[in-house]
Amino acid sequence: MNPENFSLSERIVSPSYVRQGSQARRGHEQLIRQLLEQGKCPEKGWSESTVELFLNELALMDSNNFLGNCGVGEREGRVASSLVARRHYRLIHGIGRSGDIAAVQPKAAGSSLLNKLTNSVVLDVLRLSGVRGAASCFVVPMATGMSLSLCFLTLRHRRPRARYIVWPRIDQKSCFKAMVTAGYEPVVVENVLEGDELRTDVAAVERQIQALGAESVLCVHSTTSCFAPRVPDRIEELATLCAKYDIPHIVNNAYGVQSSKCMHLIQQGARVGRVDAFVQSLDKNFMVPVGGAIIAGFDEAFIQEISQMYPGRASASPSLDVLITLLGLGAGGYKRLLAERKEMYSFLSQELGSLAAAHGERVLHTPHNPISLAMSLDGLRGDGDNKAVTQLGSMLFTRQVSGARVIPLGKEQTLGGHTFRGFMSHSEAYPVPYLNAAAAVGVTRDDVVLCVKRLDRCLKALRKEGGGPGGPDV
């Protein structure tokens, strides 16, 4: 209520009670005012009542919620289901206009304000997570793969003669398909084995650039977050290489926001060389539903150019989800989640190491990977037979252990005309089969303990049966 309505309320209820209610209301409004003034993630998280008050105020600014509104167009924010309307807090118009996802929508001042504030808050979080030099970002209602494609398509106008994207190999389908979908030919550069780690072959990347001709290369497409034993690309060296040959550099930072090491690599890459844009998932980093990503970079004009390439309006749902989450957590709450994730990484490493030793296996030494771990499965390898290894994956899945990946040797996969040998291991000939587990943001101690317990039972059953199905105790 506004001051006039509070004053009128004093005729009905004791003025002292009304003043107390007014003061409480001003507490909520003070938090909203600070957000509007600073455009930053609040240090302390908001209560749900403050978040809901704010969203309701925004919704009342959209034309579909105007009292007496008369809509005669084809897109007037009409929603048949009241359940759907409530799910979206009656913010129905989406974000952007037909020619620009970042443009203000005249029918939806509230939704437009939501969009601008979300991008500002997210940029603040990217900076506090380690990429302090980030100049601009925007939330796009597509997952990481399609968001990478949007970056590649934007570069098309800058490099019309380019046909290739040079890509240090990572066995993840969506980032490969992102290049093919954009109309480019991926040039796959195999990784080099250093100890247990698979690392970027920078010299091979440079040889490919020289062989293809720099003008024929759209960009170098590197990766930070990845499954062990692959580790983040040598971002600094690749950024220096891109600056040397005047080639754009796009970084797939899918779940790297939660890792200070990944974010530091991006920041350093931009400092010593060239990083044009880096893309990260909303769901993996901020624990919201799948369907959104953040495209960020160090040149505001280029990031704006990418946003203008998005055709048509866009769903506001990913922006709404991440704004609600970050306002609720606050900067302090998000930093606590990041600190807890690091602790869980150490705990997972210890527990997995103890289990591996008990079964004659070992945790692969991958110190450059800050999120994912891998445990050898040499004891399950038969004479060229992956049966027991693959069966372990099935057993874990049926026992509700999700996210663990079991990698056998010798698997082949063809994507976009390119055949990957040793697919899922990021290498044509990794020496041992292994199992992956990750300490990602939100993982708990109970998750780790239960996973290791069930894995232990599965390994015992497989060895007891000589690779056959698990017994009733599993």
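I looked up the largest nonpolar core and found 84 residues in it; F54, L126, F152, F286, I295 and I306 have the most contacts inside it. Helix α13 (residues 317-358) gives the largest share of this core, nine residues. Apart from it I noted another core, of 29 residues, which includes F347, L377, C458 and L462. The model I am reading is a predicted one.

**Entry on I295.** I listed the contacts of I295, leaving aside neighbours within four places in sequence. Among them are S136, C137, F138 and V140, and these four residue numbers fall in strand β1 (residues 136-140). I also wrote down S147, L150, C151, F278, V279, I303 and I306 as contacts of I295.

**Entry on β1.** I checked how far strand β1 is covered. Five of its five residues are buried, so the strand is largely enclosed by the rest of the structure. I then took the faces separately: S136, F138 and V140 lie on one side, C137 and V139 on the other, and all are buried. For the pairing, I found β1 antiparallel to strand β9 (residues 293-297), over five bridges. Within this pair, I see S136 opposite G297 of β9.

**Entry on P168.** I located P168 in strand β2 (residues 164-168). Its relative accessible area is 1%, and I log P168 as buried because the cut-off for that is under 20%. Setting aside neighbours within four places in sequence, I find P168 in contact with V189, T200, V205, H221, R230, D233 and L238. I also looked up the spacing of P168 and R234: they are 66 residues apart in sequence, and 9.9 Å separates them in space, C-alpha to C-alpha.

**Entry on R169.** I placed R169 in the loop between β2 and α7 (173-181). R169 is buried too, with a relative accessible area of 0%. Not counting residues up to four places away in sequence, I have R169 touching V188, V189, E190, N191 and R230, and also F420, R421, G422, F423, H426, S427 and E428. V189 and R230 are on my list for P168 and on my list for R169.

**Entry on the surface.** I turned to the outside and noted a nonpolar patch formed by I12, V13 and Y17, which together have about 360 Å² of accessible area. I find Y17 in helix α2 (residues 15-38). Y17 has 57% relative accessibility, and I log it as exposed because the cut-off for that is over 50%.

Technical notes. Residues are numbered from 1 along each chain as its sequence is written. This is a predicted model: local features need pLDDT of at least 70, side-chain atom pairs count only at pLDDT 80 or more; totals for chains, interfaces and linings use all residues. Side-chain values use heavy atoms; hydrogens and water are left out. Patches are made of residues with over 30% relative accessible area and no salt bridge: like charges are joined within 9 Å, nonpolar side chains (Val, Leu, Ile, Met, Phe, Trp, Tyr) within 5 Å. Accessible areas come from the Shrake-Rupley method with a 1.4 Å probe; for residues, only the protein chains shown count as cover. A salt bridge is a side-chain nitrogen of Lys or Arg within 4 Å of a carboxyl oxygen of Asp or Glu. Helices (H or I, at least four residues) and strands (E, at least two) are DSSP runs, numbered from the N terminus. Buried means under 20% relative accessible area, exposed over 50%, partly exposed in between (1.4 Å probe, protein chains only). A nonpolar core is a set of buried Ala, Val, Leu, Ile, Met, Phe, Trp, Tyr and Cys residues joined through side-chain atoms within 4.5 Å. Contact means heavy atoms within 4.5 Å. Two strands pair if DSSP finds at least two bridges between them.
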